[in-house]
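Here are my notes on the model. Please read them with the coordinates open.

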Amino acid sequence: MRLNQLTLVAALAAAFPLFATAADAPAAPAQKPWLDRSLSADKRAELAVKAMTREEKLRWVFGYFGTSFAPKGTTPPKGAIPFSAGFVPGNPRLGLPDLLETDAGLGVATQATPTPRERTALPSGLATASTWDTQMAYAGGAMIGSEARLSGFNVMLAGGVNLMRDPRNGRNFEYAGEDPLLAGTMVGHAVKGIESNHVISTVKHYALNDQETGRNEHDVRIDKAAARMSDLLAMQLALEQSDAGSVMCSYNRVFGTYACENDYLLNEVLKKDWGFKGYVMSDWGATHSTVQAANNGLDRQSGQEFDKSPYFGGALDEAVKNGYVSEARLDDMATRIVRAMFAKGVVDNPVAQDGKIDFAKDGAVSRATAEEGIVLLKNDNKVLPLSKDVKTIAVIGGHADVGVLSGGGSSQVYPVGGNAVPGLEPKVWPGPVVYYPSSPLRHIQALAPNAKVVYDDGTDPARAARVAAQADVALVFATQWIGEANDATSLALPDNQDTLIDNVAGANPRTVVVLETGGPVAMPWVAKIPAVLEAWYPGTSGGEAIARVLFGAVNPSGHLPATFPVSEQQLPRPTLDGDPKQPEQRFTVDYKEGAAIGYKWFDQKGLTPLFPFGHGLSYTTFSYSGLASQVKDGRLHVRFKVTNTGNVAGKDVPQVYVSPLAAKWEAPKRLAGWDKVALQPGESKEVDVVVEPRILGLFDEKSKTWRIAKGKYKLVLAEDAAGKNATSVTVDLPASTLDVRGRQRK
Ligand code: BGC
């Protein structure tokens, strides 16, 4: 037998271990003790970094874009997955794999290309938050994390938890709403689900990147304690619940300094106060220096092509050689990265591309999330659910004949089956506009097989009204496309859709509006419309989910994770700061409202929103009884009974709000806890909500403690922040002090 050269080398290497290069050698704990799974992640990282040369350490802190970068004409290094977000070469000598990074929180995304990866998309982050169901958030995370792994990725750039300070923020659909407890908890569970696949996830965008206008330059000002009780608390809770391997620092400046070289945010708050042991990666294009960034807490420059300079390349080497950045700090950077790889199982469970994805199974997870996340905003005269015996149904607008909308930018997941409505503007970043081929119309027809279902595209309001007039019920699908780097210019639905809805409502009193929007929108027509559903961006199986809610196959149980204002005039900033046409311009965004975001702002100012935070109707009704509270083992428990008083099974989201009667907070009340309870008609369940103690206190920046003031607190149990179905009880709390991580001080 003739051996070719390669097989000869392999054969010799097998026979004589000395022939084997270190890179080819099987894991030999004696030579590579960091591969010993019985050691802790800390120990393994320490041992691995000790074995690295400086050049090898430097390689971990320098990330590439996983796609060609047109402005610089660069192509990704060999090994990057085509059209992916990021790549960091591994260290074969030490048996450490490449880091293969994909966006993002709604599924496995693809950078712009005519031949994208087709994957399962979850509904938007706001939809998941609207479920108020932590297990649902976990299941969604676990699903997209498994698709990441089966696609060959071991890092998912998910975990968006910026608070909704403004309903016009173009990335709200990636996040989880306005409340720190709800957003932090839901995103924490999603990230935990992702990481259950031995895939590192991020929590992002750290911090206070709450608008896209001028995102690379704007400078956020906020009282530090207020930040700790709002945006930072959401991040802190998400990190505690998920133990995420990484945090992505954001584009903007905070207190005058870029977030990715911000000593206060990175070293003081994140690493020291919260004890974060993972690594900080920059957003793509968010690194601005070498020495300042490294010393102030950035551990890895990402997508270095996006930055003005390869700051963590040769320049960092020089800085270490010349003592501007200590050798110990470089060790720390590499250790944090490698530790996350060990801790999350990335080293012990190598990924491979082209795994077999069960799209039917994953689509069902997405559908379940959409079904629980759709919010029934209004339902006068029980227009919904529709009877399957309805004779004619007019389906109008929103491309509802073929699909459902998704949001644009780096998080864009491309669906199996392709874009249902190709060619819409914008075709380029943050486009393309993508509709998932889950047709509401088709599923409506399937649920009402005897009905005549007609479609009108809604481009001519007068024609649509004529179609609606002929039908028993008219369903108007209204859309708002939004994307990364682009805030909405107003809360109004675009493209004359308000006129369309007005016209249809005038022609048919049984008009239902189904919204597919990135966030809250204004509804000048709402008084004329008996039923409104907020379906958000409902994901891969969204058309089916919408149809099932419309016909009552699913009883809606979504509740708003954000306030819907009547208009911009009710917002802290009626006009967004900055000029979208001058993205390079530096300006200040002053978060004067501090921690009073969303419903807290509305309460403080005595404003009545269009729909309050926490709002969501059902096809059944619920009642509460036996509200009582008790402090047990240092935790405040709120107990009560929920009963389904209607005729159909349903799920309720009882919400507990707390108001101090003596102490003064940023606003009259805060969400203190909730539960999601499934009940058959007539069934009751006991609920025990345990209150997160930080919610009861005020943060003191000087002593870095949470102080709970002695006195009376009112606990309100209600179906929304406006107090629907409210019942209350008062509790006396002693003074207490919690440390910066919310632990009772001894
Ligand atoms: C986004 C990040 C994303 C990164 C990589 C940036 O534009 O802000 O959220 O993870 O790109 O695609």
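1. Arg171 and the ligand. A polar side-chain atom of Arg171 sits 2.7 Å from a ligand oxygen. That is within the limit for a polar contact, a pair of N or O atoms within 3.5 Å; within protein, one must be able to donate a hydrogen and the other to accept it, and residues adjacent in sequence count only if both atoms are side-chain atoms. Lys204 places a side-chain N or O atom 2.8 Å from an oxygen atom of the ligand. For Gln111, the distance from a polar side-chain atom to a ligand oxygen is 3.4 Å. The protein covers 96% of the 310 Å² of accessible area that the ligand has on its own (Shrake-Rupley method, 1.4 Å probe; for residues, only the protein chains shown count as cover).

2. Basis. This is a predicted model, where local features need pLDDT of at least 70, side-chain atom pairs count only at pLDDT 80 or more, and totals for chains, interfaces and linings use all residues. Residues are numbered from 1 along each chain as its sequence is written, and side-chain values use heavy atoms, with hydrogens and water left out.

3. The shell. Which residues come nearest to the ligand? Of the 14 around it, they are Asp103, Arg171, His205, Asp283 and Glu484. A residue is near if one of its heavy atoms lies within 4 Å. The shell divides into 5 nonpolar, 3 polar and 6 charged residues. Here Ala, Val, Leu, Ile, Met, Phe, Trp, Tyr, Cys and Pro count as nonpolar, Asp, Glu, Lys and Arg as charged, and the others, Gly among them, as polar.

4. The seven-strand sheet. This sheet is open, with 7 strands in the order S1-S2-S3-S4-S5-S7-S10 and mixed pairing. Strands are DSSP runs (E, at least two residues), numbered from the N terminus. Two strands pair if DSSP finds at least two bridges between them. S1 (64–65) and S10 (279–282) are the edge strands, each pairing on one side only. S3 (residues 99–102) and S4 (residues 155–156) run parallel, joined by 2 bridges. Thr102 stands opposite Met156 in S4.

5. The four-strand sheet. A second open sheet has 4 strands, ordered S9-S8-S6-S19, again with mixed pairing. Its edges are S9 (257–258) and S19 (588–590). S6 and S8 (residues 253–254) are parallel, with 2 bridges. Asp219 has Arg253 in S8 as its bridge partner.

6. The hairpin. S20 (residues 622–632) and S21 (residues 635–644) run antiparallel, joined by 9 bridges. Ser625 is partnered by Lys641 in S21. The hairpin has 2 residues between its strands, and Asp633 in the turn has a positive phi of about 50°.

7. Backbone points to check. Most residues other than glycine have a negative phi, and most peptide bonds are trans. Leu208, in the loop between S5 (200–206) and S6 (219–221), has a positive phi near 60°. The Trp429–Pro430 peptide bond is cis, with omega about 0°. The bond from Gly431 to Pro432 is also cis, with omega near 5°. Pro430 lies in the loop between S13 (404–405) and S14 (435–436), and Pro432 lies in the loop between S13 and S14 too.

8. Domains. The chain divides into domain 1 (46–60 + 90–343), domain 2 (366–570) and domain 3 (620–738); the bounds come from an automatic or database domain assignment. The C-alpha centres of domain 2 and domain 3 lie 33 Å apart. Their contact (heavy atoms within 4.5 Å) takes 4 residues from domain 2 and 9 residues from domain 3.
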